[in-house]
Amino acid sequence: MRINVIKSSMPPFEEYVEAIRPLWDSVWLTNMGANHEKLAERLCGYLKVPNVSLFVNGHMALELVLQAMDLEGEVITTPFTFASTTHAIVRNGLTPVFCDIDPEDYTMDVNRIEELITDRTCAIVPVHVYGNLCDVEAIERIARKHGLKVIYDAAHAFGTEYKGRGVGTFGDASMFSFHATKVFHTIEGGAITTDDVELMDKLWKLKDFGIKDEEVVDGIGANAKMNEFCAVMGLCNLDHIDEEIAKRRVVTERYRQNLSDVKGISIQKPQKDVKPNYAYFPIVVDKDEFGAGRDTIYARLKENDIYTRKYFYPLTSDMDCYEGRFDSALTPVAKRTAERVLTLPMSAHLTTGDVDRICEIINSCEGADN
């Protein structure tokens, strides 16, 4: 049986059909309809945030929030992320300055941030990686000291909390992705959370062509609105999200039981004071200790119809589209991690038997490259 790295969770078919049935009567399919507004309201409660602005996807949410802040100059960020993070910065005419990562949780190394700040630095865009939270307290201190904006890429961190606070309450704004591969999804979608009401107003216009009212267009915006079918999927999935996360926890714990004592295989550790969402299960493979490299494990699992992902590889600073612009040697921990990391299958659909089989195949690779 094929096992994919991700398998989207969906509500019962009949539940979704009944939820979209009223759309055939209202014929209000987009442009901030009733379901759009209801989802934003419910997400404020679930995420413990004051405001939620919904978008067609997470990338447009990030790109437009950077635009709404009228930033210029350099943005300190991480190369150990999905292409979207770096692209959103560059597409706003900003220059990414890459900070190395912490080898334990793969988030931005806060001890390296200040040495990268110049008179051109305008913001920090950290990434909560695999659901692991950045050191939000240290980043806040640094940002306040230097007068910098902080926009978190929280694509992996839906529902995660730190000391009882929703992760979306940190920084000036946070971006969430509701792509079908995420813990919570709206098929495609995303959101910005912020306590800045003025920023919310700017985002409303930017995602709707810069339209102020029926006769006035006083901004240059995009079309980045979430439609009603996606909003309904979000509402249905939100009804089951706690069950989804609970099932992922079982999978995570089984992986930890099987792999925690394997020499040469590093797994992420629970973070103190963090309520996790079990979004991903990455391993980092030390070829010298395990006797086989990441690529060998990847290939062996694929031979057995089990599909993993080298996530994140390559670093965004090493992507072909940025050839010659950045030097990944300046972020050695990120580069070493990218060359060794493998995210294993993770979904609420996996059984403990599935996890055992995956881990047995991984263990069978030990010494294969010697």
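1. Is valine 49 buried or exposed? In this predicted model, valine 49 has 7% relative accessibility. Buried means under 20%, so valine 49 counts as buried.

2. Look at where valine 49 sits. Its place is the loop between α3 and β1. Leaving out residues up to four places away in sequence, valine 49 touches Leu43, Cys44, Gly168, Thr169 and Thr193. Now find valine 167. Along the chain, valine 49 and valine 167 are 118 residues apart, yet 8.6 Å separates their C-alpha atoms.

3. Next, the nonpolar cores. The largest one has 64 residues. Leu43, Leu54, Phe80, Ile113, Tyr130, Phe158 and Phe178 have the most contacts inside it. Elements giving two or more residues to this core include helices α3 (34–47) and α6 (136–146), along with strands β1 (52–55) and β5 (149–153). Another core, of 27 residues, lies apart from it; Val75, Cys122, Met175 and Leu206 are among its members.

4. Take phenylalanine 178 as an example. Setting aside neighbours within four places in sequence, phenylalanine 178 is in contact with residues including Leu43, Leu54, Phe158, Phe184 and Met226. His185 and Glu188 are also among its contacts.

5. Finally, a helix pair. Helix α11 (residues 294–303) packs against helix α13 (residues 352–364) at about 130°, and their axes are 9 Å apart. The two helices are therefore oblique to each other. The crossing is right-handed. On the α11 side, Ile297, Arg300 and Leu301 make the contact; on the α13 side, Ile358, Ile361, Ile362 and Ser364 do. By class, this contact has five nonpolar residues, one polar and one charged.

Methods. Residues numbered from 1 in each chain as written. Predicted model: local features only at pLDDT ≥ 70, side-chain atom pairs only at ≥ 80, totals over all residues. Heavy atoms only, no water. Core = buried A, V, L, I, M, F, W, Y, C linked by side-chain atoms within 4.5 Å. Buried < 20%, exposed > 50% of the residue type's maximum accessible area, 1.4 Å probe, protein only. Helix = DSSP H or I, 4+ residues; strand = E, 2+ residues; numbered from the N terminus. Contact = heavy atoms within 4.5 Å. Axes fitted to C-alpha atoms, helices over the stretch in contact; angles between N-to-C directions. Parallel < 35°, antiparallel > 145°, perpendicular 65-115°, else oblique. Left-handed = near helix turned anticlockwise from the far one by under 90°. Nonpolar A, V, L, I, M, F, W, Y, C, P; charged D, E, K, R; others polar.
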